[in-house]
Amino acid sequence: MTGERTMSRALGWLAVVGLVGGLVMAFGVAPREVTQGNVQRIMYLHVPTVLVAYLAFTVVLVASIAYLWRRSPAADRLAHASAEVGVLFTGLTIAAGAIWGKPTWGTWWTWDARLTSVAILFVMYLGYLLLRGMIEDRERAARYAAVLGIVGALNIPLVHFSVYWWRTLHQPPSLLKPGPATMSQGILAALLVNIVAFALLYAYFVAKRAAVLRREEEAPA
Amino acid sequence: MTADHWGFVFAAYGIAAVALGAYWRHLCRRERELMEPARRGPSGSARPSP
């Protein structure tokens, strides 16, 4: 238990250091983008949060399969914690994207393929959390949620490739695409530092949430 | 020269800071609530009786 707390605390401090480093890179090191100006600095928040959301829902997929296979409560707790943190990061992606969209596209929101598929992803995992809360029997809730966690993950490639499959206002991916990155070294470095920082924060939140879930299960009703 | 729209940049980072901070505080509070009975022990008293 003490080891678990020490590890969680260490992860937390690593995330803090990473986030401070990310802010320094985003506002102090990365150059001002020529076309969009400084508003492009929202990218150092928007892209890492969506990539971490992909990671979170992929973890939900793997943990859900593990739960259905082994019926391990630890796998169920991991799926639950990761879904909750994934919803938080998806919400931040949508908010940051809307704020970035207003000065660059002239609108907060448009029903284009990328934005709509992300909204569907957000609502699906919000539904996942609601489903867990609605069913009192813990084993049944875990089983149903695992099925939804597997089905919901099918939306991740749809979100990512939507910009290639449909005509969209949203630009193609900056990372996770074939070929080398097309951005300047300064912008790429700032983006990578922020991705690592948000990934550490995700790991910290998931570890803490999973520990809380375990204590809730152990607590007398 | 493109306008910088710093207000939008600070709004995005501000909302993220508030949301992440609120979630972290929620987790810490829930953790404390769950640790409290364990610290008090089965008798419900924080101080051991002589």
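Two residues are in contact if their C-beta atoms, placed from the backbone, lie within 7 Å. This is a predicted model, in which local features need pLDDT of at least 70, side-chain atom pairs count only at pLDDT 80 or more, and totals for chains, interfaces and linings use all residues. Residues are numbered from 1 along each chain as its sequence is written, while chains are lettered from A and ligands numbered from 1 in the order in which they are written.

**Helix packing in chain A**

- In α2(A), A:Met43, A:Tyr44, A:Val47, A:Pro48, A:Thr49, A:Leu51, A:Val52, A:Leu55 and A:Ala56 meet A:Ala190, A:Leu191, A:Asn194, A:Ile195, A:Phe198, A:Ala199 and A:Tyr202 of α7(A).
- The contact of α2(A) with α7(A) has 14 nonpolar residues, two polar and no charged ones (Ala, Val, Leu, Ile, Met, Phe, Trp, Tyr, Cys and Pro count as nonpolar, Asp, Glu, Lys and Arg as charged, and the others, Gly among them, as polar).
- The axes of α2 (residues 43-70) and α7 (residues 185-218) of chain A come within 9 Å and cross at roughly 45 degrees.

**Backbone with positive phi**

- A:Arg71, not a glycine, has a positive phi of about 55 degrees and sits in the loop between α2 and α3 (73-105) of chain A.
- A:Arg71 has 13 other C-beta atoms within 10 Å and is therefore partly exposed (buried means 20 or more such atoms within 10 Å, exposed 12 or fewer, and partly exposed in between).
- B:His5, also a residue other than glycine, has a positive phi near 55 degrees and belongs to the segment before α1 (6-40) of chain B.
- B:His5 counts as buried because it has 21 C-beta neighbours inside 10 Å.

Note on methods:
Axes are lines fitted to C-alpha atoms, for helices over the stretch in contact, and angles run from 0 to 180 degrees between N-to-C directions. Helices (H or I, at least four residues) and strands (E, at least two) are DSSP runs, numbered from the N terminus.
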